[in-house]
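Please load the model in the viewer and keep the selection tool at hand. The stops below are to be visited in order.

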Amino acid sequence: MFRALSSLDDQLLLAVNHARGPALDAVMTFASNRLVWFPFYALLIGWLVWHFRRRALLLLPLVVTAVALADSITSRFFKPFFARLRPCHNPALEAQLYLPDGCGGQYGFMSSHAANGFALAVFLLLALPAGRYRALKTGVFLWAILLSYSRIYLGAHFPTDVLGGALIGAGLGWGAAALFRRHTGPRGRWASLGRA
């Protein structure tokens, strides 16, 4: 069974990696670049502070903690513990891969990019009032999906690396959102806050 799953992982990786083109190279390299995230996150933090004011004093530390834990757990615990080579370092696959953005670190399980993206997306989905801020919630989920897909496209991660990272991130985002909801009182009161 493990061999069949591993073979499927390889096949999915190669299918995504080989469905390439110059425009896709540019988009996926852009999405995976951590320097791209900083302006995006700075704008998001600024908007949250402006929009939710005092509530942001609790919201921001929780979302930052969820994302930081997602990054730290995947990078400092799972990757060295499992020591699973990235596809681009795997002798059985490296010659078959197209690597428009180089290779990166040695180990790949789990994807920190996917963990970070889904921690943020799930937190905002659950912490912000239900039925409101749909564009923001949809946007961060699409970003998390693009970010995760880019890691497979670039040959940096197997699909299961990305899936594992997404699940860890989603779990941490859920936990942080649960803490936030517990400390902000009834959903109705929180939903009434902020500008439309």
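Which residues are buried in helix 4? In this predicted model, select Ala-56, Leu-59, Leu-60, Leu-62, Val-63, Ala-66, Val-67, Ala-70, Thr-74, Phe-78 and Lys-79, which are the buried positions of that helix.

Next, display the whole of helix 4, residues 56-82. Its 27 residues span 37 Å from the first C-alpha to the last, close to the 39 Å expected at 1.5 Å a residue. Centre the view on Thr-74, where helix 4 has a kink of about 30°; Thr-74 is also one of the buried residues of this helix. Then move just past the end of helix 4 to Ala-83, whose phi is positive, at about 50°.

Now turn to the largest nonpolar core, which comprises 46 residues. Select Leu-59, Leu-120, Phe-123, Leu-124 and Trp-143, the members with the most contacts inside this core. At least two core residues come from each of helix 1 (2-18), helix 2, helix 3 (34-52), helix 4, helix 5 (112-127), helix 6 (134-153) and helix 7 (159-183). The greatest contribution, nine residues, is that of helix 5. From Leu-124, show Leu-44, Lys-137 and Val-140, which Leu-124 touches when residues up to four places away in sequence are not counted.

Finally, select Ser-32 in helix 2 (residues 22-32). Is Ser-32 buried or exposed? Its relative accessibility is 7%, so Ser-32 counts as buried. Display the side chain of Arg-151, with which the side chain of Ser-32 makes a polar contact at 3.1 Å. Beyond its neighbours within four places in sequence, Ser-32 is in contact with Trp-37, His-113, Leu-147, Ser-150, Arg-151 and Leu-154.

Conventions
Residues are numbered from 1 along each chain as its sequence is written. This is a predicted model: local features need pLDDT of at least 70, side-chain atom pairs count only at pLDDT 80 or more; totals for chains, interfaces and linings use all residues. Side-chain values use heavy atoms; hydrogens and water are left out. Helices (H or I, at least four residues) and strands (E, at least two) are DSSP runs, numbered from the N terminus. Buried means under 20% relative accessible area, exposed over 50%, partly exposed in between (1.4 Å probe, protein chains only). A polar contact is a pair of N or O atoms within 3.5 Å; within protein, one must be able to donate a hydrogen and the other to accept it, and residues adjacent in sequence count only if both atoms are side-chain atoms. Contact means heavy atoms within 4.5 Å. The expected span of a helix is 1.5 Å times one less than its number of residues. The bend at a residue is the angle between axes fitted to the seven residues ending there and the seven starting there. A nonpolar core is a set of buried Ala, Val, Leu, Ile, Met, Phe, Trp, Tyr and Cys residues joined through side-chain atoms within 4.5 Å.
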